[in-house]
Amino acid sequence: MAAIVTVDGLTKTYKGGFTALDNVSLSIEEGEILALLGPNGAGKTTLISTLCGITTPTSGYATVGGHDILTGYRAARAMIGLVPQEIALEPFEKVINTVRFSRGLFGKPRNEALIERILRQLSLWDKRGNRIRELSGGMKRRVLIAKALCHEPRVLFLDEPTAGVDVELRRDMWEVVRALKESGVTIILTTHYLEEAEAMADRIAVINKGEVLLIEDKAALMRRMGRKSLRIDLVVPIDAVPASLGKYELERAEGGQSLIYHYQTRAEGTGITRLLQALSAEGLSVRDIETRQSSLEEIFVDLVREGAA
């Protein structure tokens with residue numbers, strides 16, 4: 001699939017000498033959801049602001065839909081919808097007028113059918129006559145998305161779109177994002193809710209201290225860097241792990257009723273067969289076995305820790 005956003009050696013250094021982006025290079029494929037992850041101050045918002053023309057890079061090159069973000073700014077920006085982290089809306093304006101105004105800012109002709117479709121898609125149609133100040137925080141975020149979509153962008157940046165939103169509304173918004181992807185919109189998502197990225201993203205990019213640590217298919221990343229845990233429930237609990245099992249670094253759980261064994265999915269062998277044989281040799285009878293895959297959150301924490309070392 002062709003790249004719709006390309007970034008090559010993008011750097012942003014401020015006058016005080018702080019480098020927010022350090023030689024960032026990546027490509028984003030058309031129609032994908034890319035989760036851009038990183039701790040606070042990692043450079044996520046700076047990267048988005050640079051691609052959207054809000055911040056000027058110190059050096060490097062980037063295009064959106066083939067348009068240079070500097071020399072072809074207007075064409076590049078017209079392809080982008082931006083949902084910022086901060087909620088900045090005119091409190092006394094009506095929902096529908098807020099969205100209409102944003103469309104007009106991009107020089108687009110009036111299209112009431114499109115506005116209605118977007119508002120219905122975001123469950124805002126019944127609120128179209130409400131003033132912004134009358135909406136909940138979650139509904140205001142939906143208005144931000146409607147504003148970003150009203151000029152029919154091909155690339156949508158979502159900067160912490162569900163921050164401060166309750167769990168139920170967050171899941172509703174996941175469905176909205178999936179529907180946007182199905183309609184052909186490319187989505188770049190930043191989030192602190194890593195289960196959100198795990199649920200929706202096609203690929204994961206991790207940025208820390210202005211550098212991209214990796215960009216990889218989500219499933220491949222979790223297979224490559226994932227760790228699994230094997231929970232072994234015993235018929236008879238034990239007071240301590242036998243010395244002969246020390247090399248397996250087993251953890252006692254549930255008062256000795258269970259043992260936890262960690263192993264790497266990328267290792268040549270898991271060691272499970274040898275462990276079970278060793279348990280049998282010790283006279284420990286197994287009642288049940290359960291495996292657990294490490295989450296994206298655990299992988300992310302390990303990556304950032306390694307990157308900071």
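**Group meeting: a walk through the model**

Let's start with a hairpin: strands E9 and E10 form one, with 2 residues between them, and Lys209 in the turn has a positive phi of about 55 degrees. Before I go on, this is a predicted model, in which local features need pLDDT of at least 70 and side-chain atom pairs count only at pLDDT 80 or more, while totals for chains, interfaces and linings use all residues. Residues are numbered from 1 along each chain as its sequence is written, and side-chain values use heavy atoms, leaving out hydrogens and water. Helices (H or I, at least four residues) and strands (E, at least two) are DSSP runs, numbered from the N terminus.

Okay, back to that turn. Lys209 is a residue other than glycine with a positive phi. Most residues other than glycine have a negative phi. Lys209 counts as exposed, at 55% relative accessibility; here exposed means over 50%, buried under 20%, and partly exposed in between, with a 1.4 Å probe and protein chains only. You'll find Glu254 in the loop between E12 and E13, and at 56% relative accessibility it counts as exposed.

Now, how many residues of E9 are buried? For E9, residues 203–208, the count is 6 of 6. Arg203, Ala205 and Ile207 point one way, Ile204, Val206 and Asn208 the other way, and all are buried. E9 also has partners, and two strands pair if DSSP finds at least two bridges between them. Strand E3 (residues 33–37) runs parallel to E9, joined by 4 bridges, and E10 (residues 211–217) runs antiparallel to E9, with 6 bridges.

Over to another sheet. This one is open, with 4 strands in the order E2-E1-E4-E5 and antiparallel pairing. E2 (19–29) and E5 (67–68) stand at the edges with a single partner strand each, so one side of each is left without a neighbour in the sheet. E1 (residues 3–13) and E2 pair over 7 bridges, and Thr6 has Ser27 in E2 as its bridge partner. Helix H1 (residues 44–51) lies across E1, E2 and E4 (59–64), at about 65 degrees to E2. For that angle, axes are lines fitted to C-alpha atoms, for helices over the stretch in contact (heavy atoms within 4.5 Å), and angles run from 0 to 180 degrees between N-to-C directions.

Next, rings. A search of the whole structure finds 1 aromatic pair. Rings of Phe, Tyr and Trp (its six-membered ring) pair if their centres lie within 6.5 Å, and planes under 30 degrees apart count as stacked, over 60 as edge-to-face and the rest as tilted. The centres of Tyr248 and Tyr261 are 6.1 Å apart and their planes at 75 degrees, so the pair is edge-to-face. Tyr248 is in the loop between E11 (227–234) and E12 (251–253), and Tyr261 is in E13 (residues 258–264). Tyr248 is buried at 10%, and Tyr261 is buried at 8%.

Last stop, helix H9 (residues 272–281), whose buried residues are Ile272, Leu275, Ala278 and Leu279. Down the axis, they fall within an arc of 120 degrees, so they line one face of the helix; the arc is that of the directions from the axis to the C-beta atoms. On the other side, Thr273, Arg274, Gln277, Ser280 and Ala281 are exposed.
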